[in-house]
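Subject: A structure for you to explore

Hello,

Here is the structure I promised to pass on to you. Please open it and keep it in view while you read my notes below.

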Amino acid sequence: MLDIRAIRNNPEILKEAIEKRNSKFDVEGFLKLDEKRRELLVVVEQMKGKQNADSKLIPQYKKEGKDVSALMNEMKELSDKIKEIDSQVKDIDNEIESELLTIPNIPNAAVPVGMSDADNLEIRKWGEPRKFDFEPKPHWDIGEDLDIIDPTTAAKVTGTRFTFYKGLGARLERALVNFMLDLHTTKHGYTEVFPPFMVHRNSMQGTGQLPKFEEDAFKVANTEYFLIPTAEVPVTNMYREQILDVKNLPIKHAAYSACFRAEAGAAGRDTRGLIRQHQFNKVELVKFTLPEDSYNELEKLTNDAEEVLQLLGLPYRVVRLCTGDLGFSSATTYDLEVWMPSYNRYVEISSCSNFESFQARRAGIRFRRGLNEKPEFVHTLNGSGVAIGRTTACILETYQQPDGTVVIPEILRKYMNDLDVIK
RNA sequence: GGAGAGAUGGUCGAGUUGGUUUAAGGCACCGGUCUUGAAAACCGGCGUAGGUGUGAGCCUACCGUGAGUUCGAAUCUCACUCUCUCCGCCA
């Protein structure tokens, strides 16, 4: 959510941001509404002032034995008028609030202007995609041949875009979770949390999934709960409606969770394999920082995620998302894209974003610089560190051998009983 | 799921025959006086949000959330949420 005063004082910035994002919003109409609200407020607050003052006279007059019926009548009339204007103000407030919730964040000035992912800017590359001297298989064939990934049974039990991991496949998935959590908690200084996998509506609104993108989420029937699309939601909302102690900043959390996404609108895309599932595993990194530190912390967070891929020996590149590809809540996003042999291109495996105060304002996450200072909004950041299912897919493809077996990356072996090959 | 108790500013806590409570008071915290320094004591300050004004300031709202009664609600009514205690069920 943006600061309404900032919009009022500088509407051009918002108009420009909306256009760059290739989005739509009636800024002028919004400002008119805001103006109308303030006009009404001036009137009604003055009336309330009179009401407060006059109502003090009533007990006084009564004590003096005066007749108060005329005054009472007068005040009844005033009260009715106040109620009427109050309800108008309330309607406008609700409208302003719901419009504010649909305005996307303002991209940082360094974000390249563009229409789609084709306009994203490559920042750096790490590693060389492997050259195969045999015909490499996609991970879904490797998984089926080794009997470690089984979407067919999942389709029978649940439906499409779900999978069973079996045997060493399940073990590999679990090894990756442990490896990533260990790396981030011991070497990078994040505190581990294990969050609820369902949250209520306000939390979804706090991080920006609602109200605009409800069709992307799974809602649990007969409850007001949503399955989390990412651990970002529960972990960021841990501190909602709270004033944080500046001494504790930055707060850094690493969280494993299953993630649930309806993937509405993705029909026909990535239908095979682990790339696009309704349920997948992810280790997420979340930070709460001082406003002046957030961009520096974004670099560090991105590096923390990159190290996962480096240690696993998976070639990747870092791109800076352009305005047209940037997520609704984000001011700046780096995507990590890992080389996926079956796709013959880089595929997103992590998304590291600085939301600045956008989520903090929605969720009411603040800090105070000093005891008598005004509370300010923190900056929130998060990034995948990294998506597990896509990592599994990439390992199977990258480390496959001509005989159909898969070499386990060195760093994972201690998480897999020192096994070196899946066969 | 059943029964009961509760929810007031950073924290503790008063206020519930509706009207000088204008949310008292304590603690914590901040500034000052005193002191070699500190403590104590004393004096002053100290919630959030919105509006308005060049400005000191002024006004309005907020006592878990949302409706309602009333000229007037922290206080009365209704619904809901959450917390605690006990019982039941359960991994």
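The crossing of α4 and α5 is a left-handed one. Helix α4 covers residues 57–64, and its axis lies 11 Å from that of α5, at an angle of about 170°. Angles over 145 degrees count as roughly antiparallel, and therefore α4 and α5 are roughly antiparallel to each other.

Helix α5 (residues 69–100) has another partner to look at, helix α3 (residues 27–55). Their axes come within 9 Å and cross at roughly 150°. How do α3 and α5 run relative to each other, roughly parallel or roughly antiparallel? They are roughly antiparallel, because the angle is over the cut-off of 145 degrees. The way α3 passes α5 is again a left-handed crossing.

Next, please turn to helix α8 (residues 168–187) and helix α11 (residues 294–312). Their axes are 11 Å apart, and the two helices pack at an angle of about 130°. That angle makes α8 oblique to α11. Here the crossing is right-handed.

Now for a pocket. Of the contributors, α7 gives the most, with 3 residues. Sorted by class, the lining of this pocket holds 6 nonpolar, 7 polar and 6 charged residues.

Some details of the backbone are worth a look too. Most peptide bonds are trans, and most residues other than glycine have a negative phi.

- The peptide bond from Leu-249 to Pro-250 is cis, and its omega is near -5°. You will find Pro-250 in the loop between β7 (242–245) and β8 (251–260).
- A cis peptide bond also joins Gly-385 to Val-386, with omega near 0°. Val-386 sits in strand β15 (residues 379–387).
- Glu-263 is not a glycine, yet it has a positive phi of about 55°. Look for Glu-263 in the loop between β8 and β9 (279–289).

Finally, a word on confidence. Where pLDDT is low, the predicted coordinates should not be read in detail. For chain A, the mean pLDDT is 94, and 100% of the residues reach 70 or more. The scores for the model are ipTM 0.86 and pTM 0.93.

Enjoy looking around, and do write back with any questions.

Best wishes

Definitions and conventions: Residues are numbered from 1 along each chain as its sequence is written. Chains are lettered from A and ligands numbered from 1 in the order in which they are written. This is a predicted model: local features need pLDDT of at least 70, side-chain atom pairs count only at pLDDT 80 or more; totals for chains, interfaces and linings use all residues. Side-chain values use heavy atoms; hydrogens and water are left out. Helices (H or I, at least four residues) and strands (E, at least two) are DSSP runs, numbered from the N terminus. Ala, Val, Leu, Ile, Met, Phe, Trp, Tyr, Cys and Pro count as nonpolar, Asp, Glu, Lys and Arg as charged, and the others, Gly among them, as polar. pLDDT is the predictor's confidence in each residue, from 0 to 100. Axes are lines fitted to C-alpha atoms, for helices over the stretch in contact, and angles run from 0 to 180 degrees between N-to-C directions. Angles under 35 degrees count as roughly parallel, over 145 as roughly antiparallel, 65 to 115 as roughly perpendicular and the rest as oblique. A crossing is left-handed if the near helix is turned anticlockwise from the far one by less than a right angle, and right-handed if clockwise.
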